[in-house]
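Hello,

Please find below the structure that I am handing over to you, followed by some notes on what was found in it.

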Amino acid sequence: MAFVETHAHIYADEFTADAEEVIKRACAAGADKIFLPAENISSLSPILRLSDSHPGLCYPMIGLHPEEIGDRTPDDCAAELDRMEEMLSSPAAPYIAVGEVGIDLHFRRDNLPLQRSVFTRQVEWAARFQLPLMIHARDAREEMLEALDDSGGRELSGVFHCFSDDESSALALLEHHPRFMLGIGGIVTFRNTRLRDVLRSAVPIERIVLETDCPYMAPVPMRGRRNEPAFIPYIAATLAGVYDMSVEDVYRITSANARATFPKAWNN
């Protein structure tokens, strides 16, 4: 049985000492493809090294994460985005998506206008370069959706990463953005979550992709440990219970969903 891991930060500092062992464990667990979302331009070098050294397995994204904006000035952000856009414009650009991008108001709201303008520019990249979006929104769903829709996002495809909201939110996202998937990770395994009920009542499995967001949010029974792609089977087993199907069917359907959303990972 093979799965697609659509969101793994295995290039991060937490994996410096053993990234190759992490990849070996992922493959042993059934990983067919591992997608690597960027955080800033500095993260692209290790992402590309992993992608180059593991062709057919690791695939890069490109983007400026909203938490990376911090106290940067508009000019600072524009300069970094200019460099990324130049990289995207290359005929040989390997990036399979624009991500991880979005709006995050969990720690601060004062830079929302800059977050929004940075996100809007990257949504425009997705349209111009015909790439899906990997969208991060924390405590900012309405702000993210407003910016996305104002930028023509309803015509695009992608993933609403790390979904954990209620039924009404799920229905709104799926109905208004028919080419988007919900990224489901370790939260679905947590004992005190309502996410299993939300998925059962409002989200068909044909609108889900699997992710870990490692090194964060390890699933039960690995909570408290560094997360990694080899833990996807715990997420899949929980989803099999939610949808009353086999783990094999969860892998088959979510892999087909990933392929429909990120076709460049299969066409290269």
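A salt bridge here means that a side-chain nitrogen of Lys or Arg lies within 4 Å of a carboxyl oxygen of Asp or Glu. The model is a predicted one, in which local features need pLDDT of at least 70 and side-chain atom pairs count only at pLDDT 80 or more, while totals for chains, interfaces and linings use all residues. Residues are numbered from 1 along each chain as its sequence is written, and side-chain values use heavy atoms, with hydrogens and water left out.

By that definition the structure contains 23 salt bridges. One of them joins the side chains of Glu 67 and Arg 138, with a distance of 3.3 Å from N to O. This pair connects distant parts of the chain, since Glu 67 sits in the loop between β3 (58–60) and α3 (74–88) and Arg 138 in strand β5 (residues 133–138), 71 residues apart; helices (H or I, at least four residues) and strands (E, at least two) are DSSP runs, numbered from the N terminus. Glu 67 is partly exposed at 40% relative accessibility, and Arg 138 is partly exposed at 28% (buried means under 20% relative accessible area, exposed over 50%, and partly exposed in between, with a 1.4 Å probe and protein chains only).

A further salt bridge is formed by Glu 85 and Arg 121, whose closest N and O atoms are 2.7 Å apart. Here too distant parts of the chain are linked, with Glu 85 in helix α3 and Arg 121 in helix α4 (residues 112–129), 36 residues apart. Glu 85 counts as buried, at 17% relative accessibility.

Finally, a network of salt bridges links Asp 18, Arg 25, Arg 226 and Glu 228.

Best wishes
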